[in-house]
Amino acid sequence: MPNRRTAAVLHFAAAVFLLTGSLTAGGDPRFDCTQELAGASRCLFVTFAQLAAGGGFSGEIIVTNQGYEDDEAVRLDFFADDGTPLALETDSGMEAERIFPLGAGESRIIPFSLDSEVAVPGYGRLTFASSASVRGSLLLRVMADGSLQTEVGVRADIPRSSYTFPAEVDSARFINTGLALANGAFQRVNLPDPTAQGFVISLIELDGTVRATTVLPLGLNGHTSAFLGAGSGTPPLFPGLDNFRGSVSVSAAVDFGLLALRLESGILTSVANDFGPVVGAFDIRGTTQETPEAEPNNSVGDAQALTLPANVTGVIDTQDGRDLFQIAATQGQVLTVYTVTEKGVSVLDTYLAVERPDGIVLAVNDQNELIFRDDGFLRMEIPEDGTYILRVEDFFFGEGADFTYNLLVRLDPPGVP
Ligand SMILES: [Ca+2]
Ligand SMILES: [Ca+2]
Ligand SMILES: [Ca+2]
């Protein structure tokens, strides 16, 4: 059992630690994100959604090129909570970024630490050529009073729009679960621009019902961490929550990095996450009558107005190739929209988007990440009062009588459903 001082260090550090980042163009002549390599954009990103240095924290990043293509310039960035570069002590001195070649099969180990009494949190981002298969692993250790308190191994994740992880909160046993979020500026092609956004966090009971939902705002490039329940040094995401066992589903409009954390008797460790949401917890098919789509609905001007909650039956047929719907929503509401296609009946591979009427795309999703499903899922905070367009297409622009789907749409206030 760690002493109280150690626990306090861990609590503070837990409130401060993740890895993603923003890319500055033209800094190093060897590194150009706009350059094409082997016919593809050179930049892919993976994120370490939490890291920390100082205050007993140190660690190392191990970068491996798993592929058979050399990458002449891999880039590692450290970012502080506010998205600014975070300089850490490495084996090359103080640096917030490093650019290095990584041949096929090679690994690079980059240790980091900080000469500081307090832990400085942040996140990391690894950038590499899309033709290379570069991945990263973070080993984070916590020392207190000269002895090792805990060590955490974290995979660098490809940013996603939804994650799920198991959670436990038991204040009587000093167990709490938290999460770190990195809202990094991951440059992407054909996807919405990174933005300040709200992260929708739902507690889902063991029986699949939603206990509560909250929204955590985070600025562009920002990073933060928080615990579900009270008593871990930061305001809890769910005030009054002192006992919970279940899953947590986290979604946002634009892809982000997430690390789930567990605190037990002062020891901080990580919790393995899974990609994708807990779709079943938000399913309204059993309580919402089906209504058919109404063609034509192929343009913003013809988008079919929906009364919510909605369970729309539609088909991407040969007349149109796309179905557009519109909803009215107010700032702060939580929009959940997803498609369901029937296995063995529909051949549709849905591609789902939420857009503004002026054509600005706010969120897209191809795959909800459930195994062997091609359905889309989006969950986001409504950024401002207005009309929103929901677009359903086939990922491969296919169309026909057997491209059938259900579109489920709900708008909820944060809180208890
Ligand atoms: Ca249609
Ligand atoms: Ca249509
Ligand atoms: Ca799909």
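Which residues does Ala363 touch, not counting residues up to four places away in sequence? Select Ala363 and you will find Ser161, Pro192, Ala253, Val254, Ala353, Val354, Leu378 and Met380 around it; contact here means C-beta atoms, placed from the backbone, within 7 Å.

Before moving on, a word on the model. It is predicted, so local features need pLDDT of at least 70 and side-chain atom pairs count only at pLDDT 80 or more, while totals for chains, interfaces and linings use all residues. Residues are numbered from 1 along each chain as its sequence is written, with chains lettered from A and ligands numbered from 1 in the order in which they are written.

Next, color by pLDDT, the predictor's confidence in each residue from 0 to 100. The chain averages 88, and 88% of the residues score at least 70. Residues 1-30 fall below 50, yet this stretch has 106 contacts beyond near neighbours in sequence. Where pLDDT is low, the predicted coordinates should not be read in detail.

Now select Leu126, Leu179, Leu258, Val337, Val354 and Ala363: these have the most contacts inside the largest nonpolar core, which has 105 residues. Such a core joins buried Ala, Val, Leu, Ile, Met, Phe, Trp, Tyr and Cys residues through C-beta atoms within 7 Å; buried means 20 or more other C-beta atoms within 10 Å of a residue's own. Strand S19 (residues 243-264) gives the largest share, twelve residues; strands are DSSP E runs of at least two residues, numbered from the N terminus. Because domain 1 (4-281) and domain 2 (290-412) both contribute, the core lies between them; the bounds come from an automatic or database domain assignment.

Finally, show strands S27 (residues 350-355) and S30 (residues 386-394), an antiparallel pair with six bridges; pairing requires at least two DSSP bridges.

Conventions: A residue is buried if 20 or more other C-beta atoms lie within 10 Å of its own, exposed if 12 or fewer, and partly exposed in between; C-beta atoms are placed from the backbone. Helices (H or I, at least four residues) and strands (E, at least two) are DSSP runs, numbered from the N terminus. Two residues are in contact if their C-beta atoms, placed from the backbone, lie within 7 Å.
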